[in-house]
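Here is a short report on a sheet and a covalent cross-link. Please look at the model before reading on.

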Amino acid sequence: QVQLVESGGDLVQPGGSLRLSCAGSRLEFRLYVMGWYRQAPGKQRELVADITSSSSTNYADSVKGRFTISRDDAKNRVYLQMNSLEPEDTAVYYCNARLLESYWGQGTQVIVSS
């Protein structure tokens, strides 16, 4: 059974930073497109950023210039560095692994509030 486990969510003040981490197991991690999605209360889940097996990246317009996605295939991990956080970034953040199948983690809560 593929497992994706997110960590790093927290309560942070506006303007602050967080680094999310996702550890994958029981999958050929290096082959997968890895992504971070988020879901705010009352809203649909949306793509935040993803990174291909060749490390090409894609970002939602709302996070460009503030968030950075990266991967370490040796450690089976994908990261999301989030800077200049805004209250609108408050959401549950989910890790996704996508190839022929799609797998999801359980999510980690990020709250941006003063």
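Ser 7 finds its bridge partner in β3, at Ser 21. Strands here are DSSP runs (E, at least two residues), numbered from the N terminus. β1 and β3 pair in the antiparallel sense, over five bridges. Two strands count as paired if DSSP finds at least two bridges between them.

This is a predicted model: local features need pLDDT of at least 70, side-chain atom pairs count only at pLDDT 80 or more, and totals for chains, interfaces and linings use all residues. Residues are numbered from 1 along each chain as its sequence is written, and side-chain values use heavy atoms, with hydrogens and water left out.

**The sheet.** Four strands make up an open sheet, ordered β1-β3-β8-β7, with antiparallel pairing. The edges are β1 (3-7) and β7 (67-72); each has a single partner strand, so one side of each lacks a neighbour in the sheet.

**The disulfide.** The structure holds one disulfide, a term for a pair of cysteine sulfur atoms within 2.5 Å. The bond joins Cys 22 to Cys 95, with an S to S distance of 2.1 Å. The link of Cys 22 and Cys 95 is left-handed, with -80° about the S-S bond. Cys 22 lies in β3 (residues 18-25) and Cys 95 in β9 (residues 91-98), so the pair ties together parts 73 residues apart in sequence.

| Residue | Relative accessible area | State |
|---|---|---|
| Cys 22 | 0% | buried |
| Cys 95 | 0% | buried |

Key. Buried means under 20% relative accessible area, exposed over 50%, partly exposed in between (1.4 Å probe, protein chains only).
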